[in-house]
Amino acid sequence: MSEHDDDGHHHPQPPSPIELRARALEDILKGKGLVSEEFIDSVVGAYENDIGPMNGARVVARAWVDPAYRARLLADATAAIAELGLGGPEGEHLVAVENTPTVHNVVVCTLCSCYPWPVLGLPPNWYKSAPYRSRIVREPRTVLREMGLELAESVEVRVWDSSAETRYMVLPERPAGTEALDEAELAKLVTRDAMIGTARP
Amino acid sequence: MAGDAALPRRNGELVFEAPWQGRAFALALAVVERLGLDWSDFQRHLIREIAARPDAPYYDCWVEALEALVVEQGLATPADLVAARPDV
């Protein structure tokens, strides 16, 4: 059994029981030819390096500068992100929901962790946590306030539950005073949390 | 990747907290893809495991869900899974 601690970190503790079960699964699946070390490395590398919110930030910046692209994104987000070379697992039924001065959107998966991987990568721990999953639906303003986002009473909060097929991303409002910025500079303003809906750019 | 471009992705957090989690993630993708399943076939098990233990570590539920999927799809029996665990 090879040890895969080649990430430069120290792991002085023995493997946990769940890690041993994961290794057992890997051995069984490799034995059946269903997975290779190369596949594992390529997937881990892709999700650690290439697939992340910097991709969604490009989509948002494009929508900010190009009204026609914005319209296409809101009509069919899967097709629109494909224009930027983005797609893949968990992006087959992507919907972009736009924030406006009177509507603020926020996304959750109440039952597990469904998340729009092609534009945001893998979800953070808090998104997967039981408190977030249950409370954002019940008391969204309170949860958002706890996370540092205060919304005026005049703003409607819409919570989108990703538990079925659809994956949601939030199209945040373009910040004021950014008229002089180009698309690349605008993309740097777009945070992961803004595309989940728990922050604004 | 340039430092600026890396910022939105990291947010000061690791994508996988330990290598075994990334490997378990890849295993689920492999099973779904190679068996021609729908992601929801794995997701069903994940939802059940999370509901049973809402405060368990996420990847604990993930591995348990994958075990259940592997058994359901006839790739291994529960006894096979136990037998394959390394002796530590």
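Which residues does Ala24(B) touch, not counting residues up to four places away in sequence? Select Ala24(B) and look around: Ala22(A), Tyr59(B), Trp62(B), Val63(B) and Leu66(B) are the ones. Touching, or being in contact, here means that the C-beta atoms of two residues, placed from the backbone, lie within 7 Å.

Before moving on, some ground rules. This is a predicted model, in which local features need pLDDT of at least 70 and side-chain atom pairs count only at pLDDT 80 or more, while totals for chains, interfaces and linings use all residues. Residues are numbered from 1 along each chain as its sequence is written, and chains are lettered from A and ligands numbered from 1 in the order in which they are written.

**Stop 1: chain B**

Select chain B and switch to cartoon view. You will find 5 helices and 0 strands; a helix is a DSSP run of H or I with at least four residues, a strand a run of E with at least two, and both are numbered from the N terminus. Of the 88 residues in chain B, 38% count as buried. Buried means that 20 or more other C-beta atoms lie within 10 Å of a residue's own, exposed means 12 or fewer, and partly exposed is in between, with C-beta atoms placed from the backbone.

Now colour by pLDDT, the predictor's confidence in each residue, from 0 to 100. The mean for chain B is 88, and 85% of its residues reach 70 or more. Among the elements of this chain, α4(B) has the highest mean pLDDT (98) and α1(B) the lowest (42). Over residues 1-9 of chain B the pLDDT is below 50, although this stretch has 14 contacts in the model beyond near neighbours in sequence. Where pLDDT is low, the predicted coordinates should not be read in detail.

**Stop 2: where the chains meet**

Show both chains. Here 42 residues of chain B are in contact with 46 residues of chain A. On the chain B side, α2 (19-34) is one of the elements giving two or more residues, and α2(B) gives the most, with 12 residues. This side of chain B divides into 29 nonpolar, 3 polar and 10 charged residues. Nonpolar covers Ala, Val, Leu, Ile, Met, Phe, Trp, Tyr, Cys and Pro; charged covers Asp, Glu, Lys and Arg; the others, Gly among them, are polar.

**Stop 3**

**Stop 4: chain A and helix α8**

Select chain A, which has 11 helices and 4 strands. Its domain assignment, from an automatic or database source, gives domain 1 (17-49) and domain 2 (52-196). The C-alpha centres of these two domains lie 30 Å apart.

Finally, zoom in on α8(A), residues 130-138, and select its buried residues: Tyr132(A), Arg133(A) and Ile136(A). Looking down the helix axis, you see these buried residues within an arc of 100°, so they line one face of the helix; the arc is that of the directions from the helix axis to the C-beta atoms. They pack against β2 (103-108), α7 (125-128), α9 (140-146) and β3 (156-161) of chain A. On the face turned away from the buried side, select the exposed residues Pro131(A) and Arg138(A).
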